[in-house]
Amino acid sequence: MRMGNYSTVTKFFLVGLSKYPELQLFLFVLCLIMHVIILLGNSLLIVISTFDSRLHTPMYFFLGNLSFLDICYTSSSIPPMLVIFKSERKSISFIGCALQMVVSLGLGSAECILLAVMAYDRYVAICNPLRYPIIVNRVLYVHMAAWSWIIGCLNSLVQTVLTMVLPFCGNNVIDHITCEILALLKLTCSDITINVLIMTVANIVLLVIPLLLILISYVFILSSILRINSAEEIKKAFSTCSAHLTVVIFFHGSALFMYMKPKSKDTNTSDEIIGLSYGVVTPMLNPIIYSMKDKEVKEAMKKVLSRHLNLLKS
């Protein structure tokens, strides 16, 4: 193929859901409300996990990381998406598209690892409670959180660079609402065997294996819970684990649908809606789930809210 016949792509047009202007208006309002909830809910989780001494444990340290990760992830994708929904041109620069991809893919990858790390933390806490402070010490849990971010960012950097150096041969219309790597690969006019291979390996290492480790951890956790005699201890164990497990189901369910299902040439509307769920709904549900199911978080939130109400009354 003679590449000289094609102009260099300097920007992309995001035309996902453009056939449904009424739906775009609805999604604009919905995503705006959800983004506000994400910022407020996750910021509140970070604040209470930082300033409430009862939450100065590895589990809530990881939860604070998860909340900060969700804030960064959604702040890189939702505001540009809102602009696209309201804009007539619906364009994004080449560099802007690359930045959006590297941030969203990196933070999504980091969340996969972080959720597995949180499952390991719950496994040690419930299955080996006496040695928990020794095993999951400060050095270990800080390193585990840091490596979650590092591995996620490295994976994202490699995949984004390998995608953006491909020739697009003038094709710059992305049938998606964000600069998503699968949508970009459909535009290229060269062989993407290496990209697909690396993406498959990354999906197995960062998505499938962490999910298997989470499931194995919960098999051991459930076995240990069933041997507990105290009803109060059983209730406490279930409250901390059920919140994490619910988040895992929402996150991994949508991620598996997006990245592990057979790929088609055309983007379906269902793919875009699932992508929206993966990128917006799950980060919004995280603080809601933990505030409802985790006893310590619930009590800390009540304490913060009652304090602010008292200040307003006075």
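The model is predicted, so local features need pLDDT of at least 70, side-chain atom pairs count only at pLDDT 80 or more, and totals for chains, interfaces and linings use all residues. Residues are numbered from 1 along each chain as its sequence is written, and side-chain values use heavy atoms, with hydrogens and water left out. Helices (H or I, at least four residues) and strands (E, at least two) are DSSP runs, numbered from the N terminus.

**Aromatic pairs**

- A search of the whole structure finds eight aromatic pairs; rings of Phe, Tyr and Trp (its six-membered ring) pair if their centres lie within 6.5 Å, and planes under 30 degrees apart count as stacked, over 60 as edge-to-face and the rest as tilted.
- Phe61 and Tyr141 form a tilted pair, with 5.1 Å centre to centre and 55 degrees between the planes.
- This pair links distant parts of the chain, since Phe61 belongs to helix 2 (residues 58-86) and Tyr141 to helix 5 (residues 138-164), 80 residues apart.
- Phe61 is partly exposed, at a relative accessible area of 30%, whereas Tyr141 is buried, at 10%; buried means under 20% relative accessible area, exposed over 50%, and partly exposed in between (1.4 Å probe, protein chains only).
- Tyr123 and Phe220 form an edge-to-face pair, with 5.9 Å centre to centre and 65 degrees between the planes.
- Tyr123 lies in helix 3 (residues 94-127) and Phe220 in helix 7 (residues 193-225), so their pair ties together parts that are 97 residues apart in sequence.
- Tyr123 is partly exposed at 29% relative accessibility, and Phe220 is partly exposed at 46%.
- Phe12, Phe94 and Phe168 are linked into a cluster by ring pairs.

**A charge over a ring**

- Lys86 lies over the face of Phe28, at 5.5 Å from the ring centre; the criterion is NZ of Lys or CZ of Arg within 6 Å of the ring centre and within 35 degrees of the ring normal.

- Three strands form an open sheet in the order 2-1-3, with mixed pairing; two strands pair if DSSP finds at least two bridges between them.
- Strand 2 (91-93) and strand 3 (173-174) stand at the edges, each with a single partner strand, so one side of each has no neighbour in the sheet.
- Strand 1 (residues 11-14) pairs with strand 3 in the parallel sense over two bridges, and Phe13 stands opposite Val173 in strand 3.
- Helix 3 packs on the sheet and touches strand 1, strand 2 and strand 3, where contact means heavy atoms within 4.5 Å.
- The direction of helix 3 makes about 85 degrees with that of strand 2; axes are lines fitted to C-alpha atoms, for helices over the stretch in contact, and angles run from 0 to 180 degrees between N-to-C directions.
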